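The following paragraphs lead the reader through one protein chain, beginning with a single residue and then moving to the whole. Please keep the sequence and the model at hand while reading.

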Amino acid sequence: MRRATPLAALAPARLAALALACLAALALAGCASPAASPRPPLAVRPVAWPAPGELGPVRAVADDGDRVVLFHDGAAAVFVNGALARVERAPHRWVSAAVVPAPDGYGTWIVGVDAEGRLLRLPSRGAFEPVADLYGLERAAVRAAAGLGLDGGAAFALDGEIAVADGERVTRYAAGPLAAFAAGGGRVAFALGGEEVLALDVAPRALRSYPLEADGPAPLLAVTGAGALLAATPAALYAEDGAGVLRLRLRASAALHGLAVSGERVWFADGGELGVLDAAGARATRGARLPEAGRLIGSPSGDVWLLAAGALRRFAADDAGAGPAWDDIAPVFDRACARCHRPRGEGGVDLSTRAAWASLREAIARRVVEERTMPPPGHALSEADRARIRDFVERLAPPARPGGARPSARP
């Protein structure tokens with residue numbers, strides 16, 4: 001691996017981004033109203049999870065779908081398909097954990113970051129092993145790690161720097177003291193304070209700035225698998241739309257203290273309530289009375305972990321009767337559609353969520369299944385995939401829209 005250009009070299013891109021951000025700030029003034037149609041409260045159910053109590057408080061969680069690792073001071077509990085497989089003892093005080101692509105790009109690793117800034121991998125078998133050098137981080141102190149998702153690679157928060165490792169080189173950017181950090185969908189989001197969020201698009205090495213209506217603590221940040229930015233201040237939740245504008249989506253009822261992407265679903269914690277955000281707006285529980293200082297950790301299953309004062313709980317949204325899950329069509333989307341139809345994609349229409357497919361279900365059925373004009377030439381789609389798309393859109397319920405308006409956009 002070789003080290004590439006620091007963040008300062010992106011200054012021209014940032015100047016352009018600041019101009020766009022000013023436009024975004026003006027757009028916020030007209031986008032602060034919540035959805036007009038009332039929505040039912042969110043129903044959640046606890047997911048039973050065995051936790052070895054003798055290991056003490058949980059400090060961090062890493063969940064790759066098949067394996068879940070709970071990081072305790074001095075130990076890690078490994079669960080495989082929901083059953084406790086082993087406990088690995090290790091003399092570390094953990095501060096964070098993540099699932100990241102392996103340095104060579106083959107498979108993923110579960111890693112933990114300890115209080116001394118060491119990055120350690122937990123193999124399927126065997127003890128923890130230091131891996132910072134394998135990502136080209138040399139002697140740097142690591143504070144957090146995250147996978148970059150669609151475009152592969154991993155991102156790391158260091159002391160005053162961001163490092164991006166893509167399997168061939170490591171690029172370190174001098175950013176200043178990081179107050180918040182997240183990554184996904186080929187992007188790295190970070191904040192140095194409470195008034196601005198920065199997002200680095202890794203492949204083009206373009207930096208964008210998003211102002212926030214806040215002057216308090218640093219926001220909570222998340223990035224969806226499709227690359228959309230989310231930011232939560234104690235007072236409000238913002239989400240980036242398909243045009244790259246960070247729009248106000250929710251005013252907090254109490255104080256927002258948790259934000260996580262779980263597969264397709266975005267979760268937030270508002271006081272003692274859990275909520276989800278989708279294209280139609282936000283829904284929250286009523287009377288859940290959850291700890292008001294916990295943080296949320298995402299799961300690829302769509303569930304969410306709530307970690308508060310060392311106690312860990314898992315919740316699932318009760319979506320009985322809500323139609324097919326995104327997982328039913330996600331593999332086809334990744335193969336045949338993602339290149340053009342993720343946020344800011346060249347196709348101009350974002351189809352990276354279940355809600356987007358629901359709102360355009362008739363157009364998708366017509367153009368993909370009936371007319372077969374999509375995907376365009378050069379993007380193969382098997383007959384099995386077309387059948388899978390047909391089945392998915394037929395099972396989608398038409399989305400509720402204010403005033404009975406029907407969607408008119410075409411993919």
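Apart from its neighbours within four places in sequence, glutamate 88 is in contact with Gly74, Ala75, Ala76, Leu122, Gly126, Ala127 and Phe128. The model in which these contacts are found is a predicted one. Glutamate 88 belongs to strand β5, which covers residues 83-89. Its relative accessibility is 15%, and because the limit for a buried residue is under 20%, glutamate 88 counts as buried. The side chain of glutamate 88 also has a polar contact of 2.7 Å with the side chain of arginine 86.

With a relative accessible area of 55%, glycine 105 is exposed.

The view now widens to the chain as a whole. The protein chain contains 6 helices and 28 strands. It has 411 residues, of which 48% count as buried. Among contacts with a separation of 6 or more, 49% are between residues 24 or more positions apart. The accessible surface of the chain is about 18,900 Å², and carbon and sulfur atoms account for 53% of it.

In soluble globular proteins, nonpolar side chains tend to be buried together. The largest nonpolar core here consists of 24 residues, and Leu351, Trp357, Ile364, Ile389 and Val393 have the most contacts inside it. Two or more residues of this core come from each of α2 (330-336), α4 (354-359), α5 (361-370) and α6 (383-395). Another core, of 20 residues, lies apart from the largest one and includes Ala98, Val131, Val142 and Ala165.

What is the count of disulfides in this model? The count is 0. The sulfur of cysteine 337 has its closest cysteine sulfur in cysteine 340, at 8.8 Å; because a disulfide requires sulfur atoms within 2.5 Å, this pair is too far apart for a bond. Cysteine 340 is likewise in no disulfide, its nearest cysteine sulfur being that of cysteine 337. Cysteine 337 is buried, with a relative accessible area of 15%, and cysteine 340 is buried at 14%.

Charged side chains supply a further set of links, with 15 salt bridges found in the whole structure. In one of these, arginine 59 and aspartate 73 meet at 3.1 Å, N to O. Arginine 59 is partly exposed at 32% relative accessibility, as is aspartate 73 at 35%.

Arginine 93 and glutamate 116 also form a salt bridge, with an N to O distance of 3.1 Å. Arginine 93 is in the loop between β5 and β6, whereas glutamate 116 is in the loop between β7 and β8 (119-121), so the pair ties together parts 23 residues apart in sequence. Both residues count as partly exposed, arginine 93 at 48% and glutamate 116 at 44%. Salt bridges that share partners join Arg93, Asp114, Glu116 and Arg118 into one network. Elsewhere, arginine 121 forms a salt bridge with glutamate 129, their closest N and O atoms being 3.0 Å apart; glutamate 129 is partly exposed, at 30% relative accessible area.

Key: Residues are numbered from 1 along each chain as its sequence is written. This is a predicted model: local features need pLDDT of at least 70, side-chain atom pairs count only at pLDDT 80 or more; totals for chains, interfaces and linings use all residues. Side-chain values use heavy atoms; hydrogens and water are left out. Helices (H or I, at least four residues) and strands (E, at least two) are DSSP runs, numbered from the N terminus. Buried means under 20% relative accessible area, exposed over 50%, partly exposed in between (1.4 Å probe, protein chains only). A polar contact is a pair of N or O atoms within 3.5 Å; within protein, one must be able to donate a hydrogen and the other to accept it, and residues adjacent in sequence count only if both atoms are side-chain atoms. Contact means heavy atoms within 4.5 Å. A nonpolar core is a set of buried Ala, Val, Leu, Ile, Met, Phe, Trp, Tyr and Cys residues joined through side-chain atoms within 4.5 Å. Accessible areas come from the Shrake-Rupley method with a 1.4 Å probe; for residues, only the protein chains shown count as cover. A salt bridge is a side-chain nitrogen of Lys or Arg within 4 Å of a carboxyl oxygen of Asp or Glu.
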